[in-house]
Amino acid sequence: MFVGLSERYPADVLRPHAEAAFADELAALAAQDDRPRPARWKLSPWAVATYLLGGTLPDGTVITPKYVGPRRIVEVAVSTLATDRALLLLGVPGTAKTWVSEHLAAAVSGDSTLLVQGTAGTPEEAIRYGWNYARLLAHGPSRDALVPSPVMRAMAEGRTARVEELTRVPADVQDTLITILSEKTLPIPELGQEVQAVPGFNLIATANDRDRGVNELSSALRRRFNTVVLPLPASVEAEVDIVARRVDQIGRSLDLPAGTDGIDEIRRVVTVFRELRDGITADGRTKVKSPSGTLSTAEAISVVTGGLALAAHFGDGVLRPADVAAGVLGAVVRDPAADRVVWREYLEAVVRERDGWTDFYRACREVSA
């Protein structure tokens, strides 16, 4: 169960893994979870969904939401992991794919650390296995000389493995997953052996829409996944809630002021990002140009967190327009030429004319000069 985490994960770390940060909630869910659990799952699918979406248990324990979005999306993702198909979380950057992946693995396996980070340089060994070359040279190929990948460990232990940014991985390396996901086996030809997955094993991969055309998944590999698309927040209120929650969590770990004290500035940042992202103002009256960046929820969280740090260390601790203006500018203007024009037009045509936004307009003008 969810015990012994204090021994595995030091208490004094900047960002604890999900299974450590929310150990109390996971333990409370496990104690009251009387529903059927798939083999080696720490919680039932219903309890995993409750952990992700939040709720109140019969004993009054409050489970905080980890994901704010359509319930059905979470239910489909969880039920996929209870089958023999792997899960692909797809969406634009900043839609909480990695966050959801981590929390799913934590709730299902009690361990979110079996992770492969996909990059253009990810080698085949990161997914299959590598070798301890000192032992290999001294004694030849053996199981003692073999270094298992996170995926191999997950197969042998019946846990959930994670592959981040799968479409950034070279195509030939991606395809090493085909046999693993279809046959549930990983051959080790050097030893004439194989590792067969035990019940409980599955894999969560993430990929973003902006990477289409980088390293497209082959049709053979894509068939091994059930794809769940994580959308951007449907409304301003939903996105403000997400940003406020995450900023509060991050702020507590950094001893920053409570993000809820600056809810007006959070709403302002979210509104700016949504309007520039959508190409139209919230009232639908004015069309605006969109910059080259994604202006995701994750970027809004970063901007507000940076603003809180400014307010805490160089202000009075209250989040104000001047604290977020530079962060907004940095998020919007990624292309110094084209994006700066987009930002100035938006600033003069929309922000300048908006009631109650005078301080924000002045702060943005000052940092944009």
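What percentage of the 369 residues in the protein is buried? In this predicted model, buried residues make up 48% of the 369. The protein contains 17 helices and 11 strands. Its radius of gyration is 23 Å, close to the 21 Å that the globule rule gives for 369 residues, so the protein is as compact as a globular protein of that length.

**Overall build**

- Taken along the principal axes, the box filled by the C-alpha atoms of the protein is roughly 70 × 50 × 40 Å.
- Among contacts in the protein with a separation of 6 or more, 71% are between residues 24 or more positions apart.

**Surface and charge**

- The protein has 42 positive and 48 negative charges.

**Glutamate 190**

- Glutamate 190 sits in the loop that runs between β8 (185–188) and β9 (193–196).
- Is glutamate 190 buried, partly exposed or exposed? Its relative accessibility is 42%, so it counts as partly exposed, since that class lies between the cut-offs of 20% and 50%.
- Apart from neighbours within four places in sequence, glutamate 190 is in contact with Tyr129, Trp131 and Pro141.
- With tyrosine 129 there is a polar contact of 2.5 Å, made between the side chain of glutamate 190 and the side chain of tyrosine 129.
- Glutamine 32 is 158 residues from glutamate 190 along the chain, and the C-alpha atoms of the two are separated by 47 Å.

**Serine 368**

- Serine 368 belongs to helix α17, which covers residues 358–368.
- The relative accessible area of serine 368 is 8%, so this residue is buried; the cut-off for buried is under 20%.
- Which residues does serine 368 contact, leaving aside its neighbours within four places in sequence? They are Leu329, Arg340, Trp343, Arg344 and Leu347.
- The side chain of serine 368 is joined to the side chain of tryptophan 343 by a polar contact of 3.0 Å.

**Positive phi angles**

- Most residues other than glycine have a negative phi.
- Glutamate 165 has a positive phi, near 55°, and is a residue other than glycine.
- The place of glutamate 165 is the loop between β7 (160–164) and α9 (171–174).
- Leucine 295 also has a positive phi, near 50°.
- Leucine 295 is in the loop between α13 (263–278) and α14.
- With a relative accessibility of 1%, leucine 295 counts as buried.

**Glycine 306**

- Where is glycine 306 found? It is part of helix α14, made up of residues 297–314.
- Glycine 306 has a relative accessibility of 35%, so it counts as partly exposed.
- Glycine 306 and alanine 326 are 20 residues apart along the chain, and their C-alpha atoms are separated by 9.3 Å.

How values were computed. Residues numbered from 1 in each chain as written. Predicted model: local features only at pLDDT ≥ 70, side-chain atom pairs only at ≥ 80, totals over all residues. Heavy atoms only, no water. Helix = DSSP H or I, 4+ residues; strand = E, 2+ residues; numbered from the N terminus. Rg over C-alpha atoms; globule rule 2.2 N^0.38 Å. Buried < 20%, exposed > 50% of the residue type's maximum accessible area, 1.4 Å probe, protein only. Contact = heavy atoms within 4.5 Å. Lys, Arg positive; Asp, Glu negative; His and termini not counted. Charge placed at Lys NZ, Arg CZ, Asp CG, Glu CD. Polar contact = N/O pair within 3.5 Å; in protein donor to acceptor, adjacent residues only side chain to side chain.
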